[in-house]
Amino acid sequence: MQAPDSPATPPAPATGLLLTGGGARAAYQVGVLEAIADLRQACGAGDEPNPFPIITGTSAGAINAAALACGADNFDRAVRRIARVWRDFHAQQVYRADSLSVLRSGARWLSLLSLGWALARWRRMRPRSLLDNSPLEKLLVRLVPLVRLPRLLKKGHIKALAVTASSYSSGEHVTFFETNAPLQPWVRSQRKAARDRITHEHLLASSAIPFVFPAKAISMGDHMEFFGDGSMRQSAPIAPAIHLGAERILVVGAGRMHEPKGDASANPTPTYPSLAQIAGHALSNIFLDALSVDVERVQRVNQTLSLIPPEVRAKSALRPIELLVIAPSQRLDAVAARHVGNLPTPVRAMLGALGVTSNMADVRGAALASYLLFESGYTRELMALGREDTLAMRAEVCKFFGWTDTGAEVQTRLHT
């Protein structure tokens, strides 16, 4: 007598990964990914497929996301490759930091701010950014082999990759995505999606920090538009992963969500903020604030859906999204303050004109530097923090992925 068929095991929910922006702060993400790779092995899940079939990223997070997607057939190896770059980073790999280059871009740009655009018209000078990030193009060729992506999509190692950028031309926030699924682009207020073949130009555009790095031109059908950092005007950073089919999403932040707040009472005699402090505050608003708001929005939707009867919920387009948020437990501005002195001398001198000092106690001035400190001392400390924060959430991480925690010791990684 044939035994009755056992009930089919429901498929695991599609898992998405969101890597946010933040310039050099994105080193924190790499430490998180290393810890996840190690926990995966410790839980005996190392032979399972890529844990993130849907990967989305913004700004420097878009570069990490694309690099991870291009190694989706071997998650551990892809993480190791990304970590090697971030562990041995130097600013010259991202932007030109020699005296002549800084004079050509940053010093000229700052001079024009003080002397006025009349001088620019007279000399026909139109500096495009504070720094020249042309070295980053060479790094992307080595770090992000996008030529592999179509084959990985076809073989099912990954379902979708999406990167975001902000159009200076149209004012819209655009998510560029690549997938083999029959998915139509979505349109929302002030943001839309565009199905496209992801290129290094998309990554350069997504990571073009406003004022700091130059905009990139990208073809939008029958015309070109200039794009800058995808964190600008990004009102719903989690949305692309949801549109691409993710039912649970790991969100890796770059600050403010879990880190301690600054102590205003530490400076009983307040002084007028420097340009560096104002710029750092503005960049933090661009890179960090939207994520916190969007996480709260998703959590409110989940709570509301839990109160609706299942039969009514089934008629709605809304669905609950499981979120796991990992964000720094320390103030990254304070970490950056300890490493400002490691910036190349010409860049440090230029930032000094804005108010960035090498005083380790000057956390406010270090906020701007925290986005530009592509130096190994800083990136290694952020990687170690990302790893530590993730391992401190070991139970939550294992539950999120459905891994059985055997209690096996996680290997030690040296970031020195």
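Rings of Phe, Tyr and Trp (its six-membered ring) count as a pair if their centres lie within 6.5 Å; planes under 30 degrees apart are stacked, over 60 edge-to-face, and the rest tilted. By that rule this structure holds eleven aromatic pairs.

Before you click: this is a predicted model, where local features need pLDDT of at least 70, side-chain atom pairs count only at pLDDT 80 or more, and totals for chains, interfaces and linings use all residues. Residues are numbered from 1 along each chain as its sequence is written, and side-chain values use heavy atoms, with hydrogens and water left out.

Select F52 and F75 to start. Their pair is tilted, at 6.0 Å centre to centre with 55° between the planes. F52 sits in the loop between α1 (27–42) and β2 (54–58), and F75 in helix α3 (residues 75–87), 23 residues apart; helices (H or I, at least four residues) and strands (E, at least two) are DSSP runs, numbered from the N terminus. F75 has 3% relative accessibility, so it counts as buried (under 20% relative accessible area; exposed is over 50%, partly exposed in between; 1.4 Å probe, protein chains only).

Last stop: N180, in the loop between β4 (173–179) and β5 (187–188). Its C-alpha is 7.5 Å from that of A160, 20 residues apart along the chain.
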